[in-house]
Amino acid sequence: MHPVNVVAASISSSLKSVADVNPTFMRTDEKADALLALADAESRVAELRLRVMAAAGDVAEGEGFRSIATWLAHHGHVRRGDAAADLRLATALDRQRLTLARAVREGQVSIAQARVIAAAVDELPSRVGADVIEAAEVRLVELAADHDPTDLARLGRRILEVVDPDRFEDEEARRLAEAEKHAQERQRLRIRALGDGTSRISAIVPDATAARLATYLHAFTNPRLADGAVRSNAAQDDTGNDRDADEQTGFGVQVSHPRRMAEAFAQLLEALDPKRLPIHGGDATNVTVTITLDALRDGIGTATLDNGVPGDGFDTLTAAQARRLACNAKIIPAVLGTDSEVLDLGRASRLFSKAQRRALALRDQTCRAEGCDIPGTWSEAHHLVPWSQGGATDLDNAALLCSHHHHRAHDPGYDTSRMANGDLRFHRRR
């Protein structure tokens with residue numbers, strides 16, 4: 001029997017001998033020693049397997065498989081992608097990265113580190129020369145003694161700066177230019193309505209675009225207040241408009257970061273000034289909500305959403321949501337009578353001026369909901385008599401509400417009453 005088979009059988013037999021052993025009863029120092037020793041053994045076994053894979057092309061040919069990776073995926077019940085990645089690394093260690101291969105065999109470099117090092121060296125352009133590429137491989141192997149795969153990946157991206165600093169700047173500029181060109185050619189964005197009230201947005205964009213979007217969204221997800229008060233301030237535009245974001249139920253409870261980012265994305269879109277967008281279809285870019293007069297008053301029923309792009313799938317929403325959208329300066333409500341004639345095509349702007357917003361801050365100081373002390377600078381200007389029902393945009397018809405209570409003011413499940421001191425009291429409808 002070949003020595004490799006003997007070792008494989010020995011390993012299997014040794015593992016069976018401890019199959020029923022419970023590690024719970026090991027001493028702390030024994031557990032620590034075992035973890036490090038097993039990690040080292042696992043890496044060495046993986047290296048041996050990769051060595052066999054690099055020489056096992058005849059196995060795949062003997063059974064008609066395209067490669068040993070597909071053969072192993074089939075017989076070993078592993079993912080095809082994992083097997084293909086193993087074969088690429090095995091080929092690199094066998095034919096190109098000989099220094100790295102020796103370090104892995106001797107236990108100086110783990111398989112995870114080897115993948116990172118091989119990828120970093122492969123990214124170096126051939127024009128830098130074989131001697132520079134070999135020097136980069138050697139240096140990364142040395143760095144593996146003190147750095148985990150994550151750190152090695154970061155160091156690998158700038159390894160040329162270490163081994164050939166004179167050439168680094170030119171190569172880095174060329175690499176960035178190529179990366180930007182690649183990003184421009186590859187960028188995609190798709191929006192698909194799922195039919196359940198949500199839509200899936202998937203995108204591949206240049207890093208600069210993603211960084212800018214992330215910066216904008218983080219401005220809406222300030223973690224200083226758990227109940228979202230800071231986000232309520234960020235949700236306003238620079239005119240202090242009375243704006244409602246899509247309903248958020250995460251105030252006062254723990255909300256996941258992805259959900260906060262989604263809420264922030266909605267707020268970012270609402271903060272956009274349509275006057276600064278390109279002319280769309282001969283008119284300013286806007287979204288029109290069509291709703292009957294009774295539904296607008298009562299908040300019961302449905303409305304039609306029209307963004308001017310047929311077939312997008314964004315066509316219906318509740319009347320309650322339409323009422324909230326009608327409170328937003330970026331939405332045009334088209335109110336219909338009993339015979340569906342247009343009674344009123346609302347304005348695309350309904351603004352509290354900056355001066356009015358400052359006056360409200362001086363007058364109200366805080367959110368005017370009963371018992372709420374969220375600062376006025378973190379609150380939103382709210383129409384006491386809704387704008388959709390003819391309410392005026394003036395100080396007598398305005399009050400500052402934090403985002404939490406602003407949503408309550410537009411929630412059909414709550415009634416609002418004005419207290420003697422001007423504060424608003426909310427009652428859940430029964």
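Is Asp40 buried, partly exposed or exposed, and what is its relative accessibility? In this predicted model, Asp40 counts as partly exposed, at 30% relative accessibility. Its side chain meets that of Arg44 in a salt bridge, with an N to O distance of 2.9 Å. Arg44 is likewise partly exposed, at 37% relative accessibility.

A search of the whole structure finds 18 salt bridges. One of them joins Glu142 and Arg139, whose closest N and O atoms are 3.0 Å apart. Both residues belong to helix H8 (residues 130-143), where they are three residues apart, about one turn of the helix. Glu142 has a relative accessible area of 44% and is partly exposed; Arg139, with 32%, is partly exposed.

Arg429 and Asp415 form a salt bridge through their side chains at 2.5 Å, N to O. This pair links distant parts of the chain, 14 residues apart: Asp415 lies in strand E10 (residues 414-418), and Arg429 in the segment after strand E11 (424-428). Arg429 is partly exposed, with a relative accessible area of 47%, and Asp415 is partly exposed at 32% relative accessibility. A network of salt bridges links Arg363, Asp364, Arg368 and Asp423.

Val7, Ile11, Leu15, Val18, Val21 and Val45 make a nonpolar surface patch of about 470 Å². Helix H1 (residues 3-17) contributes the largest share, three residues. Val7 lies in this helix and is partly exposed, with a relative accessible area of 37%.

Gln113, in helix H7 (residues 111-122), counts as buried at 8% relative accessibility. Beyond its neighbours within four places in sequence, the contacts of Gln113 include Ala144, His147 and Leu152.

How values were computed:
Residues are numbered from 1 along each chain as its sequence is written. This is a predicted model: local features need pLDDT of at least 70, side-chain atom pairs count only at pLDDT 80 or more; totals for chains, interfaces and linings use all residues. Side-chain values use heavy atoms; hydrogens and water are left out. Patches are made of residues with over 30% relative accessible area and no salt bridge: like charges are joined within 9 Å, nonpolar side chains (Val, Leu, Ile, Met, Phe, Trp, Tyr) within 5 Å. Accessible areas come from the Shrake-Rupley method with a 1.4 Å probe; for residues, only the protein chains shown count as cover. A salt bridge is a side-chain nitrogen of Lys or Arg within 4 Å of a carboxyl oxygen of Asp or Glu. Helices (H or I, at least four residues) and strands (E, at least two) are DSSP runs, numbered from the N terminus. Buried means under 20% relative accessible area, exposed over 50%, partly exposed in between (1.4 Å probe, protein chains only). Contact means heavy atoms within 4.5 Å.
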